[in-house]
Amino acid sequence: MEHIEYDLLYKVNSPADLKQLSIEQLPQYCRELRQYIIEECSKNPGHLASSLGTIELTVAIHYVYDTPADKLVWDVGHQAYAHKIITGRRDEFPTNRKLGGISGFPRMAESEYDSFGAGHSSTSISAAYGLAKAAELQGEDNHVVAVIGDGAMTGGLAFEGLNNAGEKKKGKLLVIFNDNEMAIDEATGALEGYLARMSSSPLYNNFKRGLWRILAHVPPVLRFCQKAGNAVKQGLLQNSNLFESLNFRYFGQLDGHDVVELVRMIAALKDIDEPKLLHVRTTKGKGYTPAEDNQAVWHAPGRFNPETGERIPSINSAARYQDVFGETLLELARKNDKIVGVTPAMPSGCSMSVMMREIPERCFDVGIAEGHAVTFSAGLAAGGMHPVCNIYSSFMQRAYDNVIHDVALQNLPVTFCLDRGGLVGEDGATHHGVFDLAYFACIPNMIVAAPMNESELRNMLYTAINTPSPYSIRYPRGCGAGVEWRGATFESIPTGKGRKIKDGEDLAILTIGHVGNAAAEAIKHVEESEKITIAHYDLRFAKPLDEELLHEVGKKFSKVITIEDGVLRGGVGEAVVSFLNANGYNTKVTKLGIEDNFIEHGTLEQLHAICGFDIAGIENKIKELTR
C-alpha cells in the first residue's frame, strides 16, 4: 500500500471543517481518509470493504448537506466509518467496536450526527421517510438522505418504504442507491439482473448522463425541469424505470468514486422538492487491492498487514461451528435428495457455500429477506422437500411471524439453524443472538435444541433432518470445543433428552449449548480447590425439557445453577424453575444468563465476564452457593 502524508485528515473535525476545503481538495481528503481507515482496521478489525466503498459518497453528502440539521440515515451501517470520522469521532476511531468505545454501527445515543441507529438491513428508507414526515409536521425545513445498498434493497422493508414515500409528490427526501453488486457475498435475484440491464442500456444512460450535466451546471434549466416535472422523461423512457414507477425522480447512474461530480450532482438534487433517488455505482473495497479482489472475505477480514494484505489467522485450531454445519449439511444432502438449503444473503457467513459449490441447484440465496426465506422454506416443505434454513439468530427476529404462521402452525418439517446464537462480541447489541431460546420455546410444535460441541451439532442436524416437525438448532459464533467430528458415524439424539456429563453431591449445574464447556472447566477448577463435588447436566433441549433428568435433579439437590447464553426472561432457567416448583421440589435455583438489558459491544471474553457466565464468574457463583 502506497503511503501518503496526512495534510488534510487532521484539519477536519466536523462537517463544518470539511466545508472549508475547496472542492478541488476533496479527492486528496478522500485518499487520506481511505488510508486512515485501512491502517486502523488492520490493527482493530471491523467492516472494512463496505466503508472503503463509500468514502467519496460520504464526503460529498456532508459537503453538500448541513448535518446534523439535515438528517443522514445509513442502511445496515457497515459503510459508515468515514461518516464517523468526519463527524468528530476520528480520535475515537481506534476504540471502534471495543468495550467502552464507539459502536461499529450508527447509534443515536453516540452522536447527534447518527440520525437513526442501524444494524439490520433495509430499514433506511422507512426511517428516513419517518424523519422527513416528522420534520414536515413540525414546520421544519431540513432535508433527509437515506443511503441504501443494492443488497439491502432486496429486503421487503425497503420496498415498503419506497411505496409509502413515493405516494407523496413533494418532500425533501433523497434516497441514494449505492449499487456495488454485493451484499456480504455477491448480490442475487431478479433485482440484480434488472440493475445490470439498466447499467448496460446505452440509450437510457446517455440520456440520463446528459441530463445530469445540464442540471448540475445550468441552474435555469434545473428550475425549468423542476417545473416541467417528469413529462419529457416519461415520454422518452415510457415509465421503464422501477423507481420512477414508484414516483421517485430517478437520477443515475453516477460514478460513486468521483467525489467532485457527486458534490455537483447532489447539490443540484438538493433543490428538487419531491422524492428522488440517485443511483451511484461503487466498488466494495475501493482503493485497497486485496479488498477489491476478494470483496466477501474483506467485508470483515480481521487483523491484517496493511502493506501486504496478508490476513493474520486466529490461533484457535478448533473448527468453527458454521463450518461443522456447512460440511455436515453437504454430507447429509449427498445421501438425501430431499434436502435443500436456504439462506438470506449469508452463504459464506453461515458456510452454506460449502453445499452451494457442489449442489448449487439445491441451495438458495434469497437475498436479504428473512421473512421470505422462512415462508419459501415452508413452501418447499409443503411440496415434499426438507429445507434447512440458516439465519443468524438476531436476523431471525425479523421473520418471527413467518415462523409461527407459515411453519409451526402447519407443523412443517423445516430445520432452522440459528448461527451466532448468544453474544457475538464486537458487533454489539444489534447482532447479539440472545433472544432465540426464549422466542422459539413458546411456539407450539417447535423443537428447540443447542449443541455443546461440534459432534452434538452434527448429530442434531442429522436428527432434525429425520424429524417430521419444525426443529431449531442454535449455536454460537466462532470455534467449537475441539471435539473430533469429521467422519464420525451419525447418531440420532432422542428429542427432549439431555445427558449427565458428571455426577456430584453438593450442587447441580444445568447448562444448554456451548456455554456448558465453560461450566465444565469451572467445575474442574472448583473441585480441585474445594472439598465438594458438582453434578453437571447438559440439557441439550430448551423444548421439550428432559423431565426425567429434572426429576432426578429435583430429588437429589437443594441448590442448582442454570447457565444459558441468552436472556433470562422467558429463558431456559425460568422453565427449569417452573418445572421444579410445579412438581413440589424445594430447590433453590440460581440463574446465570443475560439480564433484562441490552449488552454493548466488546470481546466475547469481556461480555461473558460482564454477564457472569465466563469460567471465573461460574467458579465464583459455585463458591458463593457452597460455602
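Keep in mind that the model is predicted.

Let's begin with the helices. Two packed helices are described by the angle between their axes and the distance between the axes. Take helix α18, residues 370–382, and helix α20, residues 400–408: their axes come within 9 Å and cross at roughly 5 degrees. Angles under 35 degrees count as roughly parallel, and α18 and α20 are therefore roughly parallel to each other. If you want to pick out the contact on screen, α18 brings Gly 371, Val 374, Thr 375 and Ala 378, while α20 brings Asn 402, Val 403, Asp 406 and Val 407. Sorted by class, the contact of α18 with α20 comes to four nonpolar, three polar and one charged residues.

On the α15 side you'll find Tyr 321, Val 324, Phe 325, Thr 328, Leu 329, Glu 331 and Leu 332; they meet Glu 454, Leu 457, Arg 458, Leu 461, Tyr 462 and Ile 465 of α22. The class count for the contact of α15 with α22 is nine nonpolar, one polar and three charged residues.

Next up is the sheet. It is open and has seven strands, running in the order β7-β6-β8-β9-β11-β10-β15 with mixed pairing. At the edges are β7 (363–365) and β15 (541–543), each of which pairs on one side only. On average, neighbouring strands of this sheet are turned by 20 degrees against each other, if you ignore direction. Zoom in on one pair: β10 (residues 447–449) and β11 (residues 471–474) pair in the parallel sense, over three bridges. Within that pairing, Val 448 stands opposite Ser 472 of β11.

Finally, a single residue. Ala 152 lies in the loop that links β2 (144–149) and α7 (156–165). Is Ala 152 buried or exposed? Buried means under 20% relative accessible area, so at 6% relative accessibility Ala 152 counts as buried. Leaving out residues up to four places away in sequence, Ala 152 touches Asp 75, Ser 121, Ser 122, Ala 158 and Ile 368.

Key:
Residues are numbered from 1 along each chain as its sequence is written. This is a predicted model: local features need pLDDT of at least 70, side-chain atom pairs count only at pLDDT 80 or more; totals for chains, interfaces and linings use all residues. Side-chain values use heavy atoms; hydrogens and water are left out. Axes are lines fitted to C-alpha atoms, for helices over the stretch in contact, and angles run from 0 to 180 degrees between N-to-C directions. Helices (H or I, at least four residues) and strands (E, at least two) are DSSP runs, numbered from the N terminus. Angles under 35 degrees count as roughly parallel, over 145 as roughly antiparallel, 65 to 115 as roughly perpendicular and the rest as oblique. Contact means heavy atoms within 4.5 Å. Ala, Val, Leu, Ile, Met, Phe, Trp, Tyr, Cys and Pro count as nonpolar, Asp, Glu, Lys and Arg as charged, and the others, Gly among them, as polar. Two strands pair if DSSP finds at least two bridges between them. Buried means under 20% relative accessible area, exposed over 50%, partly exposed in between (1.4 Å probe, protein chains only).
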